[in-house]
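Please read the following points alongside the sequence and the coordinates.

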Amino acid sequence: MERLIFLFSLKPIVFGFIGMIISGLSFPLAGVIILRNDLIPLRYMLMHGVILGGTLSIAFSLPMVPVVALLNVILVFVMMAIKGKGKTLSVASTSMMVLTMGLASLVSHLFDVPSKDTLELLWGSPFALTKTDLFMLTAIAATLTIYCICSFRSMSAIFFDQDVASSLGINVRLHSTIMVLVTALVIALSMKVMGALLMDALVILPVLGVSRNSSSLKGVFIKSAITGLVLSVLGYLLALLYNLPVSGSLSILAVAFYVLATIINKIKRSKK
């Protein structure tokens, strides 16, 4: 306890804790959007966009988070533009993923960006958060939460069937673009907190776990946010107590939760 009290007297620790709380509550909401819209390929494209944006920021000595966020937004608009009508995002996002990795390789070679610095983009740290980062994190978290609350009915219809949603007068293309854009910004910011490689611990796994034991979309949203908050706080505190990487401790907890939720779901089914 004394160790925790001392650590929380340090500004990087406090900033990191605030960042983890905000991320834990909001990132799983993006996970619901990703899974219900079958946007897993898009997630990989955005993660590769993080690597390209990080490489560009290192090469030209630019602030990393704004560069990564802007690049991911651009990638989303380009992807939506080349996607054919009625087609899924899989093909378009796959082509953009290949493009981003190719560009990252070229930039790294032409500007002598060390491989070590590029690989470090895959491992985030909440201890490196600044006031500006927290402001951006809060802004995107608030935007995501407000959108999910205000557009819940439209999102529910789109998740069920896009043709049905369109027949109800819902602008499916507009909502799909907004959801993809918000997801892009969440992934860009999660790179600074968790790392591009381990952002699934907060974005995907809480949603996968609660989806197995939730009967409604509203329940999935609420339970995912609560689970993300609990996992992020526990993972952060364990990392501080035992001098562990936050991403590692949180990832293990998230996987353990998912396995436990799967076991509970199987037990419930066997009793029916």
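1. Ring pairs join F8, F17, F127 and Y236 into a cluster. Rings of Phe, Tyr and Trp (its six-membered ring) pair if their centres lie within 6.5 Å; planes under 30 degrees apart count as stacked, over 60 as edge-to-face and the rest as tilted. By this rule there are 5 aromatic pairs. The model is predicted: local features need pLDDT of at least 70 and side-chain atom pairs pLDDT 80 or more, while totals for chains, interfaces and linings use all residues. Residues are numbered from 1 along each chain as its sequence is written, and side-chain values use heavy atoms, with hydrogens and water left out.

2. F17 and Y236 have ring centres 5.8 Å apart and planes at 40°, so this pair is tilted. F17 belongs to helix α2 (residues 11–36) and Y236 to helix α13 (residues 217–242), so the pair ties together parts 219 residues apart in sequence. Helices here are DSSP runs (H or I, at least four residues), numbered from the N terminus.

3. Y236 is buried, with a relative accessible area of 0%, whereas F17 is partly exposed at 21%. The cut-offs are under 20% relative accessible area for buried, over 50% for exposed, and partly exposed in between (1.4 Å probe, protein chains only).

4. The rings of F127 and Y236 also have their centres 5.8 Å apart, with planes at 50°, so this pair is tilted. F127 sits in the loop between α6 (115–119) and α7 (131–150), and Y236 in helix α13, so parts 109 residues apart in sequence are tied together. F127 is partly exposed, at 32% relative accessible area.

5. K218 lies over the face of F152, 5.9 Å from the ring centre. The rule asks for NZ of Lys or CZ of Arg within 6 Å of the ring centre and within 35 degrees of the ring normal.

6. The end C-alpha atoms of α2 are 38 Å apart, which agrees with the 38 Å that its 26 residues should span; the expected span is 1.5 Å times one less than the number of residues. α2 bends by about 35° at G24, and a proline, P28, follows within four residues. The bend is the angle between axes fitted to the seven residues ending at a residue and the seven starting there. After α2 comes D38, whose phi is positive, near 55°.

7. Helix α14 (residues 246–271) has buried residues that pack against α2, α11 (200–203), α12 (205–211) and α13. Among them are L250, A254, A261 and N265. Contact means heavy atoms within 4.5 Å.

Note on methods: Helix = DSSP H or I, 4+ residues; strand = E, 2+ residues; numbered from the N terminus.
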